[in-house]
Amino acid sequence: RSEVIGRTVEGKVMRLLIISAPENLARLDEIRDNLARLADPRRTTAAEARALAERTPVTVVLTHSVHGNEPAGFEASMQTAYQLLASDEPATLEILRNVVVLINPSQNPDGHERFAAWSNSVATGTDDPAAVEQTEPWAIWGRFNHYRFDMNRDLLAQSQAESKALAAVYVRWRPQVVADLHS
């Protein structure tokens, strides 16, 4: 499944990919409710919490490319999604039975797009340190979002639209595992 979690200042859509076994996808509302109950010990006894934990898959959030000029993160999100969606190997199917994987392909779509457009226009694939593709101009610098804000520094302040969108994912899903993947 895919859902829109927000829009950037430049209007780019931020998507969350929701990948799990079909039986888990059919009961996402129940899973989110169970996670909310587990997150608040005032609402749930120890015995109820144990029972909820036994029947509720682990929820994992994978956030990629917080820095737009770290393209490997974005590419890794696509490879991860492909592996989870297309594989029929037993280990992957077991993961899908026990985990709801939430993939945020790009925490910084504006910076990623700015960097990708520049890189695709100049890149030749050389590792020569003097090559133009090795020195990203400041005006292009995709590390930052539209407002030239380093998204890595906004987790607590929540001053940027992208950070607010991701925070809403955390509140809605209450994940047990969160990974912030860079290049």
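The charged end of Arg-148 sits over the ring of Trp-138, at 4.9 Å from its centre. By that I mean that NZ of Lys or CZ of Arg is within 6 Å of the ring centre and within 35 degrees of the ring normal. Arg-32 likewise lies over the face of Trp-173, 4.6 Å from the ring centre.

A word on the source. This is a predicted model, where local features need pLDDT of at least 70 and side-chain atom pairs count only at pLDDT 80 or more, while totals for chains, interfaces and linings use all residues. Residues are numbered from 1 along each chain as its sequence is written, and side-chain values use heavy atoms, with hydrogens and water left out.

Next, ring pairs. Rings of Phe, Tyr and Trp (its six-membered ring) pair if their centres lie within 6.5 Å; planes under 30 degrees apart are stacked, over 60 edge-to-face, and the rest tilted. That rule gives two aromatic pairs. For Phe-115 and Trp-118, the centres are 5.9 Å apart and the planes at 50 degrees, so this pair is tilted. Both residues belong to helix α6 (residues 109–122), three residues apart, about one turn of the helix. Helices here are DSSP runs of H or I with at least four residues, strands are runs of E with at least two, and both are numbered from the N terminus.

Are Phe-115 and Trp-118 buried or exposed? Both are buried, meaning under 20% relative accessible area; exposed is over 50% and partly exposed in between, with a 1.4 Å probe and protein chains only. The rings of Trp-141 and Phe-144 have centres 4.9 Å apart and planes at 90 degrees, so that pair is edge-to-face. Trp-141 is partly exposed at 31% relative accessibility, whereas Phe-144, at 15%, is buried.

Now the sheet. It is open, with five strands in the order β1-β2-β4-β3-β5 and mixed pairing; two strands pair if DSSP finds at least two bridges between them. The edge strands, β1 (2–7) and β5 (177–181), each pair on one side only. β1 pairs with β2 (residues 13–19) in the antiparallel sense over five bridges. Gly-6 has Met-14 in β2 as its bridge partner.

Last, helix α2 (residues 28–39), which brings us back to Arg-32. The buried residues of α2 are Leu-28, Ile-31, Arg-32, Asn-34, Leu-35 and Ala-36. They pack against several elements, including β2, β3, β4 and α7 (161–173); contact means heavy atoms within 4.5 Å.
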